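Please examine the sequence and the model shown here.

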Amino acid sequence: MLVSRPGRSARAIVVVLASCGLVASFMQTLVVPLIPVFPRLLNASAADASWVVTVTLLAAAVITPVSGRLGDLYGKRRMILVSLALLIAGSVVSATTSALAFHIIGRGLQGCAMGVIPLGISIMRDELPPERVGGAISLMSATLGVGGAIGLPVAAVVAENADWHVLFWMAAGLGLFFALLIVKFVPESPLRTPAPFDYFGAFGLAAGLVCLLLPVVKGATWGWTSTPTLGFAAAAVVVLLGWGTYQLRRRDPLVDLRVSARRPVLFTNLASIMVGFSMYAMALSFPQLLQASASTGYGLGQTMVESGLTLAPNGLVMMLLSPVSARLITRFGPRPTLMTGALVIAAGYVFAIVLMDNAAELITASVIIGAGVGIAYAAMPALIMGSVPVTETASANGLNSLMRSVGTAVSSAVMAAMLAQLTITAGGLTVPSLFGFRATFAVAACAALAGVLLAGLVPKTKVAPELVGVVQ
């Protein structure tokens with residue numbers, strides 16, 4: 001275990017890395033307020049404009065395991081700076097044009113910033129004193145949800161009161177600012193994995209993930225039985241099976257599948273998919289419910305900014321609970337903590353099914369769900385890092401982040417399909433029905449309960465000494 005070097009305090013390392021995580025996850029919701037008007041802004045069809053959101057999701061899924069492995073090989077701080085450089089470049093591209101093709105490129109580059117979170121978690125384990133690691137990791141892991149929750153109202157305010165390109169200039173400025181802070185306050189970990197980078201494995205993983213996630217995200221648009229959907233799904237099976245065989249035969253694989261198949265890692269990753277699914281269901285359904293017209297019989301008729309502010313407490317609760325999560329992990333262990341978090345998420349959706357008549361009730365439901373997400377997300381890195389060699393922490397955390405991304409991608413497709421099918425007509429418009437919203441909440445609750453069951457299959461293990469403690 002290393003101790004942060006003179007002139008670079010542990011507190012500064014935690015604050016800077018967690019802030020970078022917030023910025024990276026903010027990119028996921030940066031354009032959400034603009035989704036209804038993107039066809040007009042980009043002079044494109046709604047289906048084509050949706051790629052501005054989809055490409056960020058795909059890029060994030062691909063980059064997290066790749067950047068984690070590169071961090072283990074060539075330096076974690078170096079790869080964080082590369083991730084932020086890609087964010088800055090993508091933001092500048094999107095800020096200087098209204099052409100759809102360039103926006104898709106820019107948003108793809110912005111999605112690469114998600115590699116910051118698993119890299120930051122690994123730096124914390126390498127650099128911080130033992131008593132600070134647990135709380136710091138909890139905080140960093142929580143930024144996956146917090147950034148998106150806080151970013152939604154911020155993006156809405158900017159989008160309503162300024163030219164929409166300002167959002168991307170703001171993102172570029174944030175990326176540059178935190179890159180400078182990384183250089184000043186975060187040391188480079190000397191821990192390395194002396195092995196060549198598996199370029200062919202990285203390409204195979206990227207190809208397999210794209211083939212897997214494209215039909216999941218676009219299936220509702222293309223048609224679930226259409227040739228593109230079935231073709232990409234079949235290609236994903238072939239490519240990922242071939243990739244897995246190649247990884248098992250390679251001496252220095254991109255992802256050590258033997259380690260990933262260990263029971264603690266495997267079931268933690270499977271539970272991560274379920275938690276990611278249930279978390280993203282709220283981000284998709286609650287804003288629509290809040291902004292729906294009162295003529296629907298259930299809508300609250302809020303503006304874009306009002307709905308964003310209504311959901312902002314969700315992110316704040318995730319942040320505030322990070323030290324509490326660390327204490328739970330220290331006292332009870334990461335497995336019970338993960339199970340508790342997933343159970344709280346399910347309780348939040350049950351609350352929403354029963355009580356969703358006004359903003360106060362939806363705020364309460366979102367806060368309960370946020371509390372569960374904060375607790376669950378904090379436990380995942382502790383389970384992962386307690387089960388893998390120290391030289392593979394970045395790549396293992398990258399794979400875990402990938403599993404959460406798969407969960408959010410599947411959630412996006414399932415929730416969109418359900419709300420599109422379960423509709424009513426109000427004011428001459430076809431909108432999701434009240435039953436449709438309650439059905440999505442029920443599915444999300446079931447996913448969270450599945451996460452409880454999967455986490456229960458993780459063997460009982462003692463938390464490594466460096467993975468406990470709280471932020472002082």
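Buried means under 20% relative accessible area, exposed over 50%, and partly exposed in between, with a 1.4 Å probe and protein chains only. The model is predicted: local features need pLDDT of at least 70, side-chain atom pairs count only at pLDDT 80 or more, and totals for chains, interfaces and linings use all residues. Residues are numbered from 1 along each chain as its sequence is written, and side-chain values use heavy atoms, with hydrogens and water left out.

Q: Is Met385 buried or exposed?
A: Met385 is found in helix H17, residues 359-385; helices (H or I, at least four residues) and strands (E, at least two) are DSSP runs numbered from the N terminus. The relative accessibility of Met385 is 1%, so the residue counts as buried.

Q: Which residue's backbone nitrogen does the side chain of Ser411 reach?
A: Ser411 has its place in helix H18 and is buried, with a relative accessible area of 0%. Leaving aside neighbours within four places in sequence, Ser411 is in contact (heavy atoms within 4.5 Å) with Phe277, Tyr280, Ala281, Leu284 and Ala416. The backbone nitrogen that its side chain reaches, at 3.3 Å, is that of Ala281.

Q: How many disulfides does the count come to?
A: A disulfide is a pair of cysteine sulfur atoms within 2.5 Å. For Cys112, the nearest cysteine sulfur is that of Cys20, 16 Å away. For Cys211, the nearest is that of Cys112, 18 Å away. By this rule the count of disulfides is zero.

Q: What is the volume of the second largest pocket?
A: A pocket is an open set of points on a 1 Å grid over the protein atoms alone, where a 1.4 Å probe fits, with protein on both sides within 12 Å along at least five of seven lines. Grid points are joined across faces, edges and corners, and a volume is the space filled by probe spheres set on the points. For the second largest pocket, the volume is about 330 Å³.

Q: Which residues of the lining lie nearest the centre of the second largest pocket?
A: Lining residues have an atom within 4 Å of a point, and the second largest pocket has 17 of them. Helices H10, H11, H12, H13 and H18 each give two or more residues to this lining. Nearest the centre lie Leu257, Asn269, Leu399, Leu402 and Met403.

How values were computed:
Polar contact = N/O pair within 3.5 Å; in protein donor to acceptor, adjacent residues only side chain to side chain.
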